[in-house]
Amino acid sequence: MRQNSIPSPLIRIVSKNIFPLLPILFTITLIQCGVPKGEFGWTTTKMEEMDILEKNIQTITDYKMMRDDLIFSPSDTIHYVYQFSRSPGLETDFYISLNRYELDFVEIDIKKKRVEPDSLAIRDEFSLLRTGEYLIKIVHEGDTVDEVKFRVLPDEGYTQENLEQELAGDQTDEIIKYSR
């Protein structure tokens, strides 16, 4: 006597209805496995005007979520948050790369970060940045997850004279430096 736990007609019905859906289910699974994107948020403080106690107990909670037309002052301490759309995993390592535009973007700082468990975000700050154009990249396993550009402009704005002085001051090649 033969015992079957699942009747043959049931197998035929399931195979007819489920097998065509397998590629779709597989695709949905692959999409959900990648590192999620997020949004950048920004705020600034004047850290040099604070005493040591204020610097240590200060908690930034209000960020303006944006990525276009970002302009900061050299005297600002720039606080940013990268808020993920969903959890990328609490043990996942991310590298935050700060790049400054010279002839192309050149990496000037890199930090290893993990997502905060309570907020699913990465937070950090930059201070004492020189005037110029910058690029922040969020990188995971060599792949750029997201990036955003911003500029640091002098408080008094740019004039042709400041721009020429800054460009000449950044050059290490004497011929280029004095040919402007």
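**Close-up views of a predicted model**

View 1. Asp-146 is buried, with a relative accessible area of 10%; buried means under 20% relative accessible area, exposed over 50% and partly exposed in between, with a 1.4 Å probe and protein chains only. This is a predicted model, in which local features need pLDDT of at least 70 and side-chain atom pairs count only at pLDDT 80 or more, while totals for chains, interfaces and linings use all residues. Residues are numbered from 1 along each chain as its sequence is written, and side-chain values use heavy atoms, with hydrogens and water left out. Asp-146 lies in strand β9; helices (H or I, at least four residues) and strands (E, at least two) are DSSP runs, numbered from the N terminus. The side chain of Asp-146 makes a polar contact of 2.7 Å with that of Arg-67 and a polar contact of 2.8 Å with that of Tyr-82. A polar contact is a pair of N or O atoms within 3.5 Å; within protein, one must be able to donate a hydrogen and the other to accept it, and residues adjacent in sequence count only if both atoms are side-chain atoms. Leaving aside residues up to four places away in sequence, Asp-146 also touches Gly-38, Phe-40, Ile-136, Lys-137 and Ile-138, among others; contact means heavy atoms within 4.5 Å.

**View 2. The largest nonpolar core.** This core has 22 residues, of which Trp-42, Leu-129, Ile-136 and Phe-150 touch the most other members. The elements giving two or more residues to the core are β1 (38–45), β4 (77–84), β5 (93–101), β7 (121–126), β8 (132–140) and β9 (143–152). A nonpolar core is a set of buried Ala, Val, Leu, Ile, Met, Phe, Trp, Tyr and Cys residues joined through side-chain atoms within 4.5 Å. Phe-150 touches residues including Trp-42, Leu-70, Phe-72, Leu-129 and Ile-136, not counting residues up to four places away in sequence.

**View 3. The sheet of 4 strands.** This open sheet has the order β2-β1-β4-β7, with antiparallel pairing. β2 (64–65) and β7 stand at the edges with a single partner strand each, so one side of each has no neighbour in the sheet. Two strands pair if DSSP finds at least two bridges between them. Antiparallel β4 and β7 are joined by 6 bridges, and Tyr-80 has Asp-124 in β7 as its bridge partner.

**View 4. The sheet of 5 strands.** The order in this open sheet is β3-β9-β8-β5-β6, and the pairing is mixed. At the edges, β3 (71–72) and β6 (105–114) each pair on one side only. β8 and β9 run antiparallel and are joined by 9 bridges; the bridge partner of Gly-132 is Val-152 in β9.
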